[in-house]
Amino acid sequence: MAVAAKNVKTPPKTTKPRRTRDMTEAAEQPKDGQPPSAANRGRPRLRPAAAKEPKGDVEGPVGAGTSAVEPMKRGRPRKEPAVAEVEGGAAEKCNAAEGPNADDVAQGPQKRGREEEPTGPQADKEGQQKQQSKKAKKSAAPQRDKNVPLQRSLTPRELAPSGDCRMLRLLSVNVAGLRAVLAGEKAKVLADLVEREAPDILCLNEHKLKDSDVADAEAKLRELIPAYRTAHWSCSTVKKGYAGVAMLLRHAEQTGDERLAIPSPPTAKVTAGMGELAPNDVVINEEGRILTLELPELCIVATYVPNSGLDLKRLSYRVSREAELCWDRSLAAYVRGLRTSSGKPVVVLGDMNCCHKVQDIWNMYERPDFPEGLSQKPIAEQYVGLSALKKFAGLTPDERESFPKMLEEADLVDTFRTMHPEAKGVFTYFSQKVVQNRPMNRGLRLDYILASPSLCAHLGPRRSDEHPEGSETVAPIAQLPRLHDSFILDEGDLVADHAAIGCHILLPESGASKT
């Protein structure tokens, strides 16, 4: 049976609310990720738009259900600054009749953590001065092509003097492992070096031999350099293949030299360590770090100073005078005591594992105030732009500050820097980790010949253009012994990663015959 149409109820039509400028549609938003409630799903909620910002400077509408809205900028509202908060006290300085300075108030407080930049003629003047200062520093910076090797200063050698005196020739070289040198092509480099320089005393640093290796090494050295039949060794006993110092003495009958610097090499007195100065110091007594030769005229100390290590574990031991054990303090005390007990001047030579001056570090050559301005700064302030160097052994501020203290305490003079104070680009060590270091002359000066002031009293600074081919000097016997020359052999082939260093010392004529 059909249902009458009149009994069917039709739901009333609904119309959407018309959007106007005064009304805004806003759907209910779900909370915490939940769907909207069934009652409100899809049903719009109307709210008055009285709080809506008007555009521009026109006032908002005022009427029923609305309120006047002041014009505001979009985004987060900005708090209007109080006059008293203006930096510089502008409200206090202004005239009471005129009110606060408009520019000061409009500027408002600065963001937290920033200082307000000065404005006005004075600020412009200061800005110009800063720019001029920067330009001056830039123009003063060394304009050097980094693809060209660092230029090396001329350091002319002194010619052998004429007169009634003998010449003691010293040579020191870090071989970084003697067995490797003797077994390879570097053996010829060592032989050529010795033949050319003919040192009376040849000092080898870091030979890395054990006591059981010495006999074999001596046999090979006698074949390679037969004039050096007397050798003294100091080997590490706490670690194999480590450190070590050797002294090789030349016998004159093998060379035909009538003037003997060392009259009797086999009977020369050579001692290891520092005596009774530091009996509990393992580094001094068991790592083979030092040998001392006493001659009638002076004492020679060959040393291989301990490295502070990659992680600077030995830095405190190297430099801390307050520590129970300190290498620099012990070495200074030993040299001073040796000078007093023997009554003779002292020469200390070898690998000191420290760069003293800014000229001794190739990285410093890139600084705009190198060398004069940089060298006048305290050592700790010389690392601007080079802070990584502070972590490298031999380059730390602590080591570089301790080195001149050690020289003063031991009463020693840096002979090469005394003779060539302005020399640049003269280094003794070239790291082999970077192939281009040697050809680009990027090195460090770690090896030194230090001497008592009495041996160097006559020395004065020499210019690179003075006596370009050396000079002949006759020293009065009353002033002997004295230093005649100090040099670095960095321009020829190297035995290892260190260049040889040497010096010549004039001795009085003794009239000794060959041994």
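This is a predicted model: local features need pLDDT of at least 70, side-chain atom pairs count only at pLDDT 80 or more; totals for chains, interfaces and linings use all residues.
Figure 1. Tyr 365 and Phe 427 form an edge-to-face aromatic pair, with 6.0 Å from centre to centre and 70 degrees between the planes. Tyr 365 lies in the loop between β10 and α10 (372–376), while Phe 427 lies in the loop between α12 (415–419) and β12, so the pair ties together parts that are 62 residues apart in sequence. The structure holds 4 aromatic pairs. One of them joins Tyr 365 to Phe 370 and is tilted, with 4.2 Å centre to centre and 35 degrees between the planes. Ring pairs link Tyr 365, Phe 370, Phe 427 and Phe 430 into a cluster.

**Figure 2. The open sheet that contains β10 and β12.** This sheet has 6 strands in the order β7-β8-β9-β10-β12-β11, and its pairing is mixed. The edges are β7 (269–272) and β11 (413–414); each has a single partner strand, so one side of each is left without a neighbour in the sheet. Strands of a sheet pair through backbone hydrogen bonds, either parallel or antiparallel. For β10 (residues 346–351) and β12 (residues 447–451) the sense is antiparallel, over 5 bridges. Within this pairing, Val 348 has Leu 450 of β12 as its bridge partner.

**Figure 3. Strand β4 and its two partners.** All 5 of the 5 residues in β4 (residues 201–205) are buried. In a regular strand the side chains alternate between the two faces of the sheet. From β4, Ile 201, Cys 203 and Asn 205 point one way, and Leu 202 and Leu 204 point the other way. Strand β3 (residues 165–174) pairs with β4 in the parallel sense over 5 bridges, and Leu 171 stands opposite Leu 202 in β4. Strand β6 (residues 245–249) is joined to β4 by 5 bridges and runs antiparallel to β4. Here Ile 201 stands opposite Leu 249 in β6.

**Figure 4. Helix α5 and what its buried residues pack against.** Helix α5 (residues 186–197) has 12 residues and reaches 17 Å from its first C-alpha to its last, close to the expected 16 Å. Its buried residues are Ala 187, Val 189, Leu 190, Ala 191, Leu 193, Val 194 and Glu 197. These residues pack against strands β3, β4, β13 (482–489) and β14 (500–508), and also against helices α4 (178–183) and α6 (214–224). Just after α5, Ala 198 takes a positive phi of about 45 degrees.

**Figure 5. Two charged side chains over aromatic rings.** Arg 157 lies over the face of Phe 487, at 3.6 Å from the ring centre. Lys 239 lies over the face of Tyr 242, at 4.6 Å from the ring centre.

**Figure 6. The protein chain behind the close-ups.** The secondary structure of the chain comes to 13 helices and 14 strands. Of its 515 residues, 43% are buried. Among contacts between residues at least 6 apart in sequence, 72% join residues at least 24 apart. The accessible surface comes to about 30200 Å², and 50% of this belongs to carbon and sulfur atoms.

Technical notes:
Residues are numbered from 1 along each chain as its sequence is written. Side-chain values use heavy atoms; hydrogens and water are left out. Two strands pair if DSSP finds at least two bridges between them. Helices (H or I, at least four residues) and strands (E, at least two) are DSSP runs, numbered from the N terminus. Buried means under 20% relative accessible area, exposed over 50%, partly exposed in between (1.4 Å probe, protein chains only). Contact means heavy atoms within 4.5 Å. Accessible areas come from the Shrake-Rupley method with a 1.4 Å probe; for residues, only the protein chains shown count as cover. The expected span of a helix is 1.5 Å times one less than its number of residues. Rings of Phe, Tyr and Trp (its six-membered ring) pair if their centres lie within 6.5 Å; planes under 30 degrees apart count as stacked, over 60 as edge-to-face and the rest as tilted. A charge sits over a ring if NZ of Lys or CZ of Arg is within 6 Å of the ring centre and within 35 degrees of the ring normal.
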